[in-house]
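Grab the model and let's work through a few exercises on charged side chains. Try each task before you read its solution.

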Amino acid sequence: MADGIRYAGDVNIEAMLVYTNTGLLIDLKEFLVEFNLYEDIFKHFLYGEIVLSDSINIIEEGPIVGEEGLFLSIRTPTFPNAIKKDFRIFKVSDRVLENQTTQSYILHFVSTEVFNDVSFPIYKSFEGRPHQIAENIFFDYVAATRNYTTDQSFTKLFDPNITSDFNILNFTSNNVKYVSPGWTPFKNINWLASKSIPDDGIGKNYLFFESNKGFYFGSIEKLFKIGEQNGVNGNYVYGAVKNIRKRKFGIDIDREMFIAESARIVNNVDYIKLSTNGYLSNRLITLDVYNKEIKYVDYDYVNEYSKQFHSSGEGGTSVPVFSQDTKRTPTMHTSFYPVNPKLFNNFPGNVSEKMQDIFGNRRSSLIDLTNIKMNIDVPGRTDIEVGNMINFRMPKLGPVDRTNSEEQKDKLYSGKYLVTAIHHRITVNKHMMSMEIIKDSLK
């Protein structure tokens, strides 16, 4: 894999071009101090900033004032998958005059779809399965060209009129009918995710997010299953010795790329918090506003855990962070939801009548993603994205049997993790990633 890569974190900035409203195309590479790109499974779009040191006043010549286009093509050498997207600049900040000839400033950018999202509030009724409505809203209201092409010298842009992918990870089985009261497209899609029931699983933990490869609509449970089927995207380890030579051919770069420089446990299990926030057990009280009926729907995640697919595999083989006899009561967290079976005539089973099947599971399984969370700093790669699964090996602290590799790892924190956020930090010749990783089971 490392043939052609000089060192772990090697990067090739193929293009970093700003195209202004006046038609000017500006190459930013020679002015680059640092490039930062953020992707997060709990956000609907990518965003970032570029720190520049400008000695020829391109900010005025452009001019660059905000709303300009930004084309990026960044690749780990020899890798087929690049981070190649079009963005929009929305702000210039921190402009500092260093001397009479040089200034520095930061260009802030977001996904192009954000400009469409904030410009088109939707006042319209929708009917159908949530994943179908979400896809239609995306392409009807916010889809934008994100895949420009360039000539071989990366100095000219061509618009192929190809929008970003909207990837449906798993279909939904329920139907919804509702009226959007002026919500933005992204808010509509996020609302649909919160009202989705899968047709091939148990978890009602649907999310809508963008990675550096495209947009996704699907459940966390499905991401776990995909990771199990396709395998992990890297076996990372912390505490390994660096600069090990690969025979006579120099440093073993394949190995170096998966060594974490730091590892921080951000969140750990808080049993008092889990007992009071509805994780272990919760209650939903529904009020039928037409028939004037009240129903109590209790959900017990401890008993339902084994039915769901988790980060380490099938629920029956996964070890939860709680014990089977953990004390709990659904009344420790109570929520309310109105039900109106006559809201839409001849449309039985609308989402308000399905919340009893969604609410408890969704609340518990999303909270599960906050129980074991880590941040690791690793060499950058352009073939990884949020939503991937990785394997992380954390060393066991204290005396260990050096002849037994299994005894050298922390059995609680080592294992499969879901990548939920990535901060790409790129300079002219170095790519590092700070990855947020989570798992919802111990084994």
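A salt bridge here is a side-chain nitrogen of Lys or Arg within 4 Å of a carboxyl oxygen of Asp or Glu. Keep in mind that this is a predicted model, where local features need pLDDT of at least 70, side-chain atom pairs count only at pLDDT 80 or more, and totals for chains, interfaces and linings use all residues. Residues are numbered from 1 along each chain as its sequence is written, and side-chain values use heavy atoms, with hydrogens and water left out.

**Exercise 1.** Find how Glu14 and Arg75 meet, and where they sit in the chain.

Start with the contact: their side chains form a salt bridge, 2.8 Å from N to O. Strands are DSSP runs of at least two residues, numbered from the N terminus. Lastly, check burial: Glu14 counts as buried because its relative accessibility is 14%, and buried means under 20% relative accessible area, exposed over 50%, partly exposed in between (1.4 Å probe, protein chains only).

**Exercise 2.** Are Glu210 and Lys85 buried or exposed?

First, the pair: Glu210 and Lys85 make a salt bridge at 3.7 Å, N to O. Glu210 belongs to strand E13 (residues 206-210) and Lys85 to strand E6 (residues 83-97), distant parts of the chain 125 residues apart. Now the accessibility: Glu210 is buried because it comes out at 0%, and Lys85 is buried too, at 3%.

**Exercise 3.** Say how many salt bridges the whole structure holds.

Conventions. Helix = DSSP H or I, 4+ residues; strand = E, 2+ residues; numbered from the N terminus.
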